[in-house]
Amino acid sequence: MQNSLAVIDRLIREHEAIRQKAAGIADLISDEGAVKLLGEIDAANLGRLLELLKSTMKGLETHFNFEESGLMAAAERFGDRRLNTAFSTLFLQHEKLRNDFAGSIRDLTQLLNERQSGRVGQKQARDTLARLNVTISMLKSHAASEDKLLHELKAALEK
Ligand SMILES: [Fe+2]
Ligand SMILES: [Fe+2]
């Protein structure tokens, strides 16, 4: 039980860190940020976004793995079927988030290469940012839904 609570607390803390990373990415690709990214400025901002995405994805990978193993064990020990099902359903989104992040990293790398050779298409660039925006929104709502369940599980365990 002590262990389960420690798992829950760690996940809630990690969600806060994920939220901060997501906010940083959202800032860089906001309407205002996109002008800097896609305008006639050098590629530094695009490179910064790419690095931020890579480090976020690395952190997410560790987080998802820990969540899938540690949390499932805690939830199963507690044995609430509704909560277990709710967590399992949310974990199905991990694969999509992994793929979408990898796709954005691939697209941005291509964009950066094309930008350096002066061939970047504005439409393609905007589409890439729009897709990333959808992924970031999905990540934020994923973490928020999990937080809600984590608080429920924590309250139940502390009873
Ligand atoms: Fe998750
Ligand atoms: Fe999570």
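**Figure 1. Order of the elements along the chain.** From the N terminus on, the elements of this predicted model run α-α-α-α-α, and the chain accordingly holds 5 helices and 0 strands. Of the 159 residues of the chain, 18% count as buried.

**Figure 2. Helix H5, residues 122-158.** With its 37 residues, helix H5 reaches 54 Å from the first C-alpha to the last, which is close to the 54 Å expected at 1.5 Å a residue. The buried residues of H5 include the leucines Leu 129, Leu 132, Leu 139, Leu 150 and Leu 153, together with Ile 136 and Ala 143. Thr 128 and Glu 146 also belong to the buried residues of this helix.

**Figure 3. Helix H3 and its kink.** Helix H3 has 35 residues and reaches 49 Å from its first C-alpha to its last, a value close to the 51 Å expected at 1.5 Å a residue. A kink of about 30 degrees is present in H3 and is centred on Glu 67, a residue that is itself buried. Also buried in H3 are Leu 46, Leu 49, Leu 53, Thr 56, Leu 60, Leu 71, Ala 74 and Ala 75.

**Figure 4. The nonpolar cores.** The largest nonpolar core has 14 residues, and those with the most contacts inside it are Ile 25, Leu 46, Leu 49, Leu 53, Leu 108 and Ile 136. Helix H1 (2-28), helix H3 (44-78), helix H4 (81-116) and H5 each supply at least two residues of this core, while the largest share, 5 residues, comes from H5. A second, separate core of 9 residues includes Leu 11, Leu 71, Ala 74 and Leu 153. In soluble globular proteins, nonpolar side chains tend to be buried together.

Figure 5. Ala 44 and Leu 112 are 68 residues apart in sequence, yet the C-alpha to C-alpha separation of the two in space is 9.5 Å.

How values were computed:
Residues numbered from 1 in each chain as written. Chains lettered and ligands numbered in written order. Predicted model: local features only at pLDDT ≥ 70, side-chain atom pairs only at ≥ 80, totals over all residues. Helix = DSSP H or I, 4+ residues; strand = E, 2+ residues; numbered from the N terminus. Expected span 1.5 Å × (residues − 1). Buried ≥ 20, exposed ≤ 12 C-beta atoms within 10 Å, placed from the backbone. Core = buried A, V, L, I, M, F, W, Y, C linked by C-beta atoms within 7 Å. Bend = angle between axes of the 7 residues up to and from the residue.
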